[in-house]
Amino acid sequence: FFFSIRRRHTSCREVSWARRCVQETGVKDCEVVELEAEEAEALGLDNDEDDKDDYEDMPEDEEGHPEEEPEKEPQIPNNTHELLGHKDFVTSVSCCPQNPDIVATGSGDDSAKVWSLASLKEIGCLTGFADSVSSCKFSYDGSRLCTASMDGTLKIWKASSPFELLGTLDGPQDEIHFIQWHTKGNVLLCGSEDGTMWMYDGNKCQNMNTFSGHR
């Protein structure tokens, strides 16, 4: 670490600033060396005119030592929105693929909600669950919304107001851990705690196939 000066005498403040820089780097076995202007020029350390502003503008304590800067609070980005409405933890978030301003959330309060990011308001509340809603997801075309609950039920809803229930799917008898829509059709897959995976026709709300074997 080199600390170059452009004056014949170095102030206590400048040396303190240099030592502080060394400490902040975390490098051990370093020493602050005060160089005369000619020595700094010979080492090529005299071309950083802006460096002096780093220590000249630092506040000092009563003894002339640089003061520690207070920790800054984290800044919340301007594009962050807060949606209030659930009464318990949020388990899942899904954005509508055809309209990113529409968002669905599942919660430990045994409900799912649909929100408008344009108005930052709740536009739909989906209920009828006996346990936490573990997952929610829009279909590829945004026409359907599936919710999965820890009570082992799958429900398919119309993904627009008034968000009517289209059907409750028969199948898993245990907690549902994931749901996934096909990327090009309203075909739904879900995985359950009982080691089974189920495939459904999302338009007819009917089971198409069951896969077992996991333990």
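What share of the contacts in the protein with a separation of 6 or more comes from residues 24 or more positions apart? Such residues account for 38% of these contacts, where contact means heavy atoms within 4.5 Å.

The structure is a predicted model, in which local features need pLDDT of at least 70 and side-chain atom pairs count only at pLDDT 80 or more, while totals for chains, interfaces and linings use all residues. Residues are numbered from 1 along each chain as its sequence is written, and side-chain values use heavy atoms, with hydrogens and water left out.

**Overall composition**

The protein has three helices and 14 strands; these are DSSP runs numbered from the N terminus, helices being H or I of at least four residues and strands E of at least two. Of its 215 residues, 37% are buried, that is, under 20% relative accessible area, as against exposed (over 50%) and partly exposed (in between), with a 1.4 Å probe and protein chains only.

**Nonpolar cores**

A nonpolar core is a set of buried Ala, Val, Leu, Ile, Met, Phe, Trp, Tyr and Cys residues joined through side-chain atoms within 4.5 Å. The largest one has 14 residues, and Ile102, Ala104, Val114, Leu126, Phe138, Leu145 and Trp157 have the most contacts inside it. Two or more residues come from each of β4 (102-107), β5 (112-116) and β7, with β7 giving the most, three residues. Apart from this core lies another, of 13 residues, including Leu154, Leu169, Ile179 and Tyr200. In soluble globular proteins, nonpolar side chains tend to be buried together.

Strand β7 (residues 133-138) also holds serine 134. Serine 134 is classed as buried because its relative accessible area is 18%. Beyond four places in sequence, serine 134 is in contact with Thr91, Ser92, Ala148, Ser149, Met150 and Ile176.

**Aspartate 194**

Aspartate 194 lies in the loop between β12 (187-192) and β13 (197-201). With a relative accessible area of 34%, aspartate 194 is therefore partly exposed. Not counting residues up to four places away in sequence, aspartate 194 touches Pro172, Gln173 and Asp174. The C-alpha atoms of aspartate 194 and aspartate 174 are separated by 5.9 Å, although the two residues are 20 residues apart along the chain.

| Side chain | Partner side chain | Distance |
|---|---|---|
| Aspartate 194 | Serine 192 | 3.1 Å |
| Aspartate 194 | Threonine 196 | 2.5 Å |

Methods:
Polar contact = N/O pair within 3.5 Å; in protein donor to acceptor, adjacent residues only side chain to side chain.
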